[in-house]
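Hello,

Here is the structure I promised to pass on to you.

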Amino acid sequence: MRESGRLVAQCFDLLRHNIRPGITLRELDQKVAALIEERGALPLYKGYRGNPPSHPPFPGVICASVNHEICHGLPNGRVLKEGDIVGIDIGLKYNGYCGDACVTFAVGRISPRAQRLLDVAQECLRRGIAAAQPGRYVSDIGAVIQLYAESQGYSVVREWGGHGIGRNLHEAPSVPHVGPGGQGPRLRPGMVFTIEPMINEGVPDWTLLKDGWTVVTNDGKLSAQFEHTVAITEDGPIILSQL
Ligand code: MG
């Protein structure tokens with residue numbers, strides 16, 4: 001799983017060098033698809049239909065969610081422009097094991113308002129990971145995320161949580177990004193799951209667009225997401241989806 005996570009991180013490294021005003025989401029998708037194929041891994045979102053299957057097959061290798069899009073945006077011909085923020089989510093299987101992560105990138109120079117949202121969303125993930133200690137409860141993770149996000153004037157989307165991950169992309173347990181703490185299974189060494197809070201500038205409420213995938217904020221305000229695949233060890237959490 002460390003190797004799978006490292007490959008996911010390499011995809012983000014590639015994106016970091018390519019995201020700029022003028023590039024399309026489809027071009028980013030193609031670059032990541034090429035790297036995943038070159039390494040002999042399998043992209044997990046392409047053709048995905050949800051669980052249970054309820055969506056049209058997902059058309060891309062990456063999810064690309066721009067500005068007020070919360071998640072599951074389609075990597076289409078949209079051209080990124082200066083000041084946008086774009087959340088990219090990548091899931092893949094490599095040597096039989098899955099890796100999953102999300103980063104929200106700034107496109108060129110962004111407003112202080114957008115930068116603050118990115119900073120807080122990243123800090124939410126960092127605090128969530130720090131709370132993932134053996135012996136604590138799974139919902140303690142969401143409790144610290146919610147506390148911090150709301151203390152900064154933001155909201156947390158409730159309907160998507162992190163998930164166990166291993167040979168399959170989605171396994172038990174589910175990992176809520178809101179409290180209360182003290183619930184759900186206790187964390188123990190050997191567990192591997194994602195933590196992936198979606199943090200909104202305004203209301204947490206959302207709408208699914210007619211394309212069957214893209215989720216947007218109801219008030220049109222910005223949303224940002226960061227995600228890592230995290231393993232619980234006796235010494236605490238370790239991030240698998242990094243270089
Ligand atoms: Mg995930």
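Predicted model: local features only at pLDDT ≥ 70, side-chain atom pairs only at ≥ 80, totals over all residues.

Residues are numbered from 1 along each chain as its sequence is written, and side-chain values use heavy atoms, with hydrogens and water left out.

Asp100 (OD), His163 (NE2), Glu196 (OE) and Glu227 (OE) coordinate the magnesium ion at 2.1 to 2.4 Å. Donors here are N, O and S atoms within 2.8 Å of the metal (3.2 Å for Na, K and Ca); water is not among the atoms, so sites may look incomplete. Along the chain, the donors are spaced D-x62-H-x32-E-x30-E. His163 lies in strand β7 (residues 162-164) and Glu227 in the loop between β13 (223-225) and β14 (228-233), so the pair ties together parts that are 64 residues apart in sequence. Helices (H or I, at least four residues) and strands (E, at least two) are DSSP runs, numbered from the N terminus. Both His163 and Glu227 are buried, meaning under 20% relative accessible area (1.4 Å probe, protein chains only).

Helix α4 (residues 138-151) has buried residues including Val138, Ile141, Ile145 and Tyr148. Glycine 153 follows α4 and has a positive phi, near 90°.

Serine 223, in strand β13, is buried, with a relative accessible area of 4%. Its side chain makes a polar contact (N or O atoms within 3.5 Å, one able to donate a hydrogen and the other to accept it, with sequence neighbours counting only if both atoms are side-chain atoms) of 2.6 Å with that of asparagine 200.

Best wishes

Technical notes: Buried < 20%, exposed > 50% of the residue type's maximum accessible area, 1.4 Å probe, protein only.
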